[in-house]
Every structure is written in C-alpha cells, then in structure tokens.
Amino acid sequence: MGKYQRFLLIADQTLHPSPAQQRAVSLAIAAGAVLDVRAFVEPVPVVHYWEEKVDDAELQRYLRRYRRWEVEELDRLSERGLEVTVKAIFTTHPLLDILKTVEDLKPDLLIKDVTLEPALKRVFITPLDCHLLRECPVPVHLVNHVRYGLPHRVVAAVDPFDPSTQSSELNDTIIQTANALALQCDAPLHLLYAYDLSPAFDSETPLAGGGWGVDLVEELRQSLHQAFMALAERYGVPPERRHFVMGLPVPVIGEFVEQYLADVVVMGTVHRTGVDRLIGSNTERALYSLPGSILAVKASHGR
C-alpha cells in the first residue's frame, strides 16, 4: 500500500468529537491527505398524514443543526491546514449510502468509531460495522478508543497456514498495510501469529494410533514457526518484534494488545458463505473484544 492520499471519516451521529475523528484528523495531517467527513443521519422526522400541517419551525431547526455543523466543522478543520470536505447525508439506509460514498470518493481508508452493540442484538441483526467489514471495498479502520492521535504501535496479525490467506495472499496485504501505517506514523511494526494446536489433541483425529503423538505435535509446531519466520524475514521484521504465540486468535490478540499497548491491529477479512458467514470471522469477533482498534483489509487491496 502506498502513501495515503484520501481518508473518509464517518462522523459520530451525535456530531460530537470522537476517537475516530481524532485518529482521522491526525492521520490526514501527517499524510498531507484530503479528509472527507460525512455524517449519515436520520432524515427529517416523518409527518403523519393525520396531522393538519407540517411544523415548519421544527423542520428548519432540525435542518439548521446539521447545516451549522457542516460550516463549523469545515472551518475548524480548515484552520488546522487540512484540505477537507464536510457533509451531512440524510438516510434511512446508511450502509448503502456509505458504500455509494466510498464508490464516489475512492478513499484509501474508511475511518469510523466502533458502535458497541449488545450481544443479544448481534445474534438477530448484523451490525453496520460487521457489514462494512464484509462489504466495503477499501480498508476499514474501526476505532475503539485512542490514547494518541497517531498510533504508537502497529500490529499485523497473520496466519501463514490459513488456506484462505494463502490462496489470496492476504498475509502480504496485511503486512504491507500495517507497514505503510507504521511508516506514516513513525511507529514500530509488530508481527503476531496466534497459532492453535487444539485440533492436534482431538482424540477423534483419524490417525493411526487414534491421536497425535508428542513428536508429531512438535513437528507441526515447528512447521508453523518456520512459515511464520519466513514471512517475517521476507518483510524484514526484526526478531524482537516477531511474536509466535499458541492459543485461539482473538484471546491471544487481546492479551497482546493489552500487554504491548498496541494502538492498531491490522487483520484480514475473507468472503464467507453459509454457516461461516453466520458465525463471523475472527476480525468480527475481535471487533467487540479488543481494547484497541482494528484496521481490516481484503487481499485485493494490497499495493
């Protein structure tokens, strides 16, 4: 991925300052990039047909709030030396309008605050953030909270043995994107591989003898480690920033973020169908459990 030239910030619906706004402004200033700010908000309240007349004063007050925000935000960000556009978009289908805006503006990165949805609600309704992870054609940076405007530590979470990442060269895209962000922010890049050996201990594994021997498990671990080291060598990641950790990906990444105070974890998303789509990806699960923020990429967007 080359130098950032354009960012799209999805503003908080309350129009108040937010972590994503802080991150977007800091990145745009550092990169000398254009910043497009868009607020996707509820349309003017519907007037029921049985009401005798439209409350024009209320309508104008509603519209004025957003028009005033557009002017004030444009002035405030322009004063910081940014090339910026600001617009409030009234919509009942924010996902469709966000994707249309991405298509029109072609940003290098979409930046948005994480919207924390209750777990029970997520069972029945796919949140907007998850839709964006799956459907947005450009990398998506979902910001949970920020300690610094610019990230101080960037993590590339890879899996050299996942068939989906091998076939699509997704690991390369993850590392290239993470490295571009780290260079832009003058931050160290860490490479993390959370490998899971639990299937090796499954007694139902169809191998002679009914299971995996200790030697075979160690041989598997060594092969995973070699693949990880080869990937790290290819991208010149120094030994002290290579992390090969056994465990399930999401818990391992969460512990790593807390231990190393990582600001951004770059992860990959792949197209899923059927049951896999219903269950969700590691990236989607991490969205609601990581203390830091996620930058999600697809294989087709490595540069």
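Reader: How many aromatic pairs does a search of the whole structure find?
Author: The model is a predicted one. A search that covers the whole structure gives an aromatic pair count of ten.

Reader: Is the pair of Tyr193 and Phe228 stacked, edge-to-face or tilted?
Author: The ring centres of Tyr193 and Phe228 are 6.0 Å apart, and their planes meet at 40°. Planes under 30 degrees apart would count as stacked and those over 60 as edge-to-face. The angle of 40° therefore makes the pair tilted.

Reader: How many residues apart are Tyr193 and Phe228, and which elements hold them?
Author: Both residues are buried. Tyr193 belongs to strand 7 (residues 189-195) and Phe228 to helix 8 (residues 214-234). The pair thus links distant parts of the chain, with a separation of 35 residues.

Reader: Which residues form one aromatic cluster with Tyr193 and Phe228?
Author: Tyr193 and Phe228 form a tilted pair. The aromatic cluster that contains them also takes in Tyr195 and Phe244.

Reader: In what order do the strands of the open sheet stand, and which are the edge strands?
Author: Ten strands make up the open sheet, with mixed pairing, in the order 3-2-1-4-5-10-9-6-7-8. Neighbouring strands are turned by 20° against each other on average, direction ignored. The strands that pair on one side only are the edge strands, strand 3 (84-90) and strand 8 (242-246).

Reader: Which residue of strand 5 stands opposite Ile111?
Author: Strand 4 (residues 109-113) and strand 5 (residues 140-143) run parallel and are joined by four bridges. Opposite Ile111, the residue in strand 5 is His141.

Reader: At about what angle does helix 9 run to strand 7?
Author: Helix 9 (residues 249-260) lies across strand 6 (154-157), strand 7, strand 8 and strand 9 (264-268). Its angle to strand 7 is about 145°.

Reader: How many residues apart in sequence are the parts that Lys112 and Asp129 tie together?
Author: The side chains of Lys112 and Asp129 form a salt bridge, with N and O 2.7 Å apart. Lys112 lies in strand 4 and Asp129 in helix 5 (residues 128-135), so the parts they tie together have a sequence separation of 17 residues. Lys112 and Asp129 have one burial class, namely buried.

Reader: How far from Arg23 is the nearest side chain of opposite charge, and which residue is it?
Author: Arg23, in helix 1 (residues 19-31), touches residues including His141, Tyr148 and Asp263. Arg23 is buried yet has no salt bridge. A salt bridge requires nitrogen and oxygen within 4 Å. The nearest side chain of opposite charge lies 5.0 Å away and belongs to Asp263.

Notes. Residues are numbered from 1 along each chain as its sequence is written. This is a predicted model: local features need pLDDT of at least 70, side-chain atom pairs count only at pLDDT 80 or more; totals for chains, interfaces and linings use all residues. Side-chain values use heavy atoms; hydrogens and water are left out. Helices (H or I, at least four residues) and strands (E, at least two) are DSSP runs, numbered from the N terminus. Buried means under 20% relative accessible area, exposed over 50%, partly exposed in between (1.4 Å probe, protein chains only). Lys and Arg count as positive and Asp and Glu as negative; His and the chain ends are not counted. Contact means heavy atoms within 4.5 Å. Rings of Phe, Tyr and Trp (its six-membered ring) pair if their centres lie within 6.5 Å; planes under 30 degrees apart count as stacked, over 60 as edge-to-face and the rest as tilted. Two strands pair if DSSP finds at least two bridges between them. Axes are lines fitted to C-alpha atoms, for helices over the stretch in contact, and angles run from 0 to 180 degrees between N-to-C directions. Lists of a residue's contacts leave out its neighbours within four places in sequence.
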